[in-house]
Amino acid sequence: MRITNDLKFYTGSREEHLPYRDTDFPYLSSRARLDDYSGKMVPWHWHKAVELFYMESGEIRYETPEGIRDFPEGSGGMVNSNVLHMTTPQSRSRKNTQLLHLFDPGLIGGTGDRIGQKYVQPIVTALRPEILVFSPEHPDHRELLRMIRQAFKLQEKERGYEIKIRNVLSEIWLRIWEIFRPEFAMEGGAAGENTDQVKEMMIYIQEHYAEKISVAELAQAAWMSERECYRAFRTCLHMTPAEYMRNYRLQMACRLLAEGVQPVTEIGYACGLGSASHFGKLFRDYAGCTPLAYRKKCDRSMKNEEIL
């Protein structure tokens, strides 16, 4: 199982790059230490992979264009393919740790075969629901949660691992199909209509975050008006374009500080956040410490990991 505390993206996209061990077997199991992510959050992103998860400890909040869902310890859920989402840890008394199965839906059934057409595509192409909630208080959900947890006990080195994990995921998928099929038949809401355009604007910000970006330029990247741009960000990301740009720049600043190569005094300009004093104020509001203190904390964390 892979330990994760950061995201990597495809070049020119906010689609997450998932480090599958083998390209011909698109599956990844991961333990996410959510308190260790830059800015204490997992920023807005998407991936083709379906995300099945179980909350090992603490509590996490998922945001999607559809709304907000909280997942306490012992609960779990599924994020559908290509859904925009972000997560923030909620518990301060316990570590917020999440177990995840991430897999390309084609692992269960391709678009050209009967399994894919009958059981997989109706779910992954549905605009709603974007995220499913599995509650331990619900009898059917309890079995789903048990199956998700048990799948993490499979070892990559054991004989027939690939067949075993695909079989377990298929069984989980069939239960999801049986329990939630009526919900996937519902029509999509207003958020789904704007998702692709918001993704285009997120990509534009990633490519130009070090520069000054006007709302007019951002809107043009998605072939829409400024008014539509504001509405799309509000509907899908629950924030203004300026708020998203500032948050993205601060996330990049966290990454540069953690890398420890570029002088702190230059990082504000490199990320489009202006002078050292202005950058310092924004960063303290965002991360709760100065840029220098954040770098020192990252250095200590890396040394501790090396010792372990």
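1. A cavity here is a set of points, on a 1 Å grid over the protein atoms alone, where a 1.4 Å probe fits but cannot get out; a pocket is an open set with protein on both sides within 12 Å along at least five of seven lines, and lining residues have an atom within 4 Å of a point. Grid points are joined across faces, edges and corners, and a volume is the space filled by probe spheres set on the points. By this rule there are 2 cavities of 30 Å³ or more.

2. A word on the basis of these notes: this is a predicted model, in which local features need pLDDT of at least 70 and side-chain atom pairs count only at pLDDT 80 or more, while totals for chains, interfaces and linings use all residues. Residues are numbered from 1 along each chain as its sequence is written, and side-chain values use heavy atoms, with hydrogens and water left out.

3. The largest cavity has a volume of about 130 Å³. Of its 12 lining residues, Asp6, Ser38, Pro43, Gln251 and Arg255 are the closest to the centre. Helix α7 (residues 241-259) gives the largest share of this lining, 4 residues; helices (H or I, at least four residues) and strands (E, at least two) are DSSP runs, numbered from the N terminus. By class, the lining has 7 nonpolar, 2 polar and 3 charged residues, where Ala, Val, Leu, Ile, Met, Phe, Trp, Tyr, Cys and Pro count as nonpolar, Asp, Glu, Lys and Arg as charged, and the others, Gly among them, as polar.

4. Next comes the second largest pocket, with a volume of about 360 Å³. It is lined by 26 residues, and Thr4, Asp6, Leu7, Glu16 and Tyr37 are the closest to its centre. Strands β1 (2-4), β2, β3 (42-45), β8 (85-89) and β9 each supply at least two lining residues. The lining divides into 12 nonpolar, 9 polar and 5 charged residues.

5. Strand β9 deserves a look of its own. All 7 of the 7 residues of β9 (residues 97-103) are buried, so the strand is largely enclosed by the rest of the structure. Buried means under 20% relative accessible area, exposed over 50%, and partly exposed in between (1.4 Å probe, protein chains only). Thr97, Leu99, His101 and Phe103 cover one face, and Gln98, Leu100 and Leu102 lie on the other.

6. β9 also has strand partners, and two strands pair if DSSP finds at least two bridges between them. β2 (residues 27-33) pairs with β9 in the antiparallel sense over 7 bridges, with Ser30 bridged to Leu100. β4 (residues 50-57) is likewise antiparallel to β9 over 7 bridges, and here Tyr54 stands opposite Leu99.

7. An open sheet of 4 strands runs in the order β3-β8-β5-β6, with antiparallel pairing. β3 and β6 (67-72) stand at the edges with a single partner strand each, so one side of each has no neighbour in the sheet. β3 and β8 pair over 2 bridges, and Val42 stands opposite Thr87 in β8.

8. Two backbone angles may interest you. Asn82, not a glycine, has a positive phi of about 65°; Asn82 lies in the loop between β7 (76-79) and β8 and is partly exposed at 34% relative accessible area. His238 has a positive phi near 60°, sits in the loop between α6 (226-237) and α7, and is partly exposed at 32%.
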